[in-house]
Amino acid sequence: MGKVVKIGIIGSGGIAAAHAKAYLEMNEDVEIVGVADVVPGKAREFIDRLNLKGAQSFEDHNRLLELDLDGVSVCTPNVAHHRTSIDSLNANKHVLVEKPLAVTLDQGIEMVEAAKKQDKILSVGFQPRYDPNMQAVKEIVQSGKLGNVYYVQTGGGRRRGMPGGTFINKGLAGAGAMADIGCYSLDLALNALGYPKPLTVSAYTSNYFGTNPTYHPEAEKFEVEDFGVAMVRLEGGKVLNFKISWAMHMDSLGPTLFLGTDAGLKLTPAGSGPWSGVWDGGIGSISLFHDIDNHHVSTAIPVQSHNIDIFKEKVRDFVVSIKENKPAPIPGEQILINQAIIDGVLRSSEKGKEVDIHLPQI
Ligand SMILES: NC(=O)c1ccc[n+]([C@@H]2O[C@H](COP(=O)([O-])OP(=O)(O)OC[C@H]3O[C@@H](n4cnc5c(N)ncnc54)[C@H](O)[C@@H]3O)[C@@H](O)[C@H]2O)c1
């Protein structure tokens, strides 16, 4: 038997249960030793319901952090990612924080700084990275087959698919569709490109659907954007067209495109249901557009069907990285770039003009 990795979970709501199940079912030596939730009795109920034998419950995450732990899963609403992650890192624990990284760019910067200072893992929960088709897209882009990739169109949308609760409260979520599903589609594009630095953003956001009681049962509480579009200039003379929607009178915002000087790549979603999208690993087709002997050819790249549980893979990879002393599988410093773009989108939309993006050297 190898080293047993001891885990704590902060926040015991919906996604925490998925983390707990992933820890319980993985083929690694791992033990959940404690759970914290600010709602009295909620962590205890969670431990009993999921049968986490021997785990202790707390209301204050700092008490949980006094236990002998290697790492924590941060599964709180977005607003609490910052405080709980920084306290965990400062207590010398590795952190797997759910997406998005934080509510504001400044919070994200502080989290990445804390991870660097403590020399601990800060990994962010973007499970679509474990989808083999996502990995195939990255491989194609990185192979150079497309030549110089100068334009990427990413994002997508739901005809109707707006969440409620904490997701529509600006103070708790930070942003709406951008933070919920936009961050995934940014990661798809930026990870494939090798995370180039963003320079400027010109954006527009709106919330015509969320604030209309015809379309949302919590319209009077809806404070975030349900639609956003942005043109992002990236270093290396590249441009990113990023658009996302929780609701619209349209079936699609178009495919995901990578345009290169030698070839282009087009991705379309697998499902047609309201919650499906390329951004969450649901790729339905991958087509390469290229020339052969001056003929315009499009080649279908086979889409792999698989039964990999990408969520469990992200949690397992965190445990393996702790065990084997490896760097963060989905590094906070990369996802800070993602956060900087969302921050730029919100600033630009508010000002009605293009804004610069400045990221400190960490
Ligand atoms: N990766 C994914 O597929 C995925 C899917 C859904 C949600 N998420 C993310 O997971 C996070 C949580 O979402 P959820 O749907 O589980 O929310 P939820 O509201 O069901 O659960 C959050 C829990 O955190 C607790 N909490 C709040 N502040 C806390 C604090 N300071 N310390 C301890 N506990 C605290 C709440 O009481 C609640 O029980 C969000 O950031 C969300 O974006 C990720």
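Helices (H or I, at least four residues) and strands (E, at least two) are taken here as DSSP runs, numbered from the N terminus. What we're looking at is a predicted model, where local features need pLDDT of at least 70, side-chain atom pairs count only at pLDDT 80 or more, and totals for chains, interfaces and linings use all residues. Residue numbers start from 1 along each chain as its sequence is written.

With that in hand, take residues 134-261: the span is 24% helix and 30% strand, and its end C-alpha atoms sit 22 Å apart. The unreviewed UniProt entry labels this stretch "domain: GFO/IDH/MocA-like oxidoreductase"; annotations of this kind may be inferred rather than shown by experiment.

Now for the open sheet. Six strands build it, in the order E3-E2-E1-E4-E5-E6, with parallel pairing; two strands pair if DSSP finds at least two bridges between them. At the edges are E3 (56-58) and E6 (122-124), each pairing on one side only. From one strand to the next, the twist averages 25°. Zoom in on E4 (residues 71-74) and E5 (residues 94-97), and you'll find four bridges joining them, with Gly 71 standing opposite His 94 in E5.

Next, a pair of helices. Helix H4 (residues 81-90) and helix H5 (residues 105-118) have axes that come within 9 Å and cross at roughly 10°. The axes are lines fitted to C-alpha atoms over the stretch in contact, and angles run from 0 to 180 degrees between N-to-C directions. That crossing makes H4 roughly parallel to H5, a label for angles under 35 degrees. On the H4 side, the contact (C-beta atoms, placed from the backbone, within 7 Å) is made by His 82, Ser 85, Ile 86, Leu 89 and Asn 90, and H5 brings residues including Met 111 and Ala 114.

Asn 92, in the loop between H4 and E5, has phi near 70°, a positive value in a residue other than glycine.

Finally, Asn 325 sits in the loop between helix H9 (310-323) and helix H10 (332-351). Its phi is positive too, about 55°, although Asn 325 is not a glycine. With 7 C-beta neighbours inside 10 Å, Asn 325 counts as exposed.

Conventions:
Angles under 35 degrees count as roughly parallel, over 145 as roughly antiparallel, 65 to 115 as roughly perpendicular and the rest as oblique. Two residues are in contact if their C-beta atoms, placed from the backbone, lie within 7 Å. A residue is buried if 20 or more other C-beta atoms lie within 10 Å of its own, exposed if 12 or fewer, and partly exposed in between; C-beta atoms are placed from the backbone.
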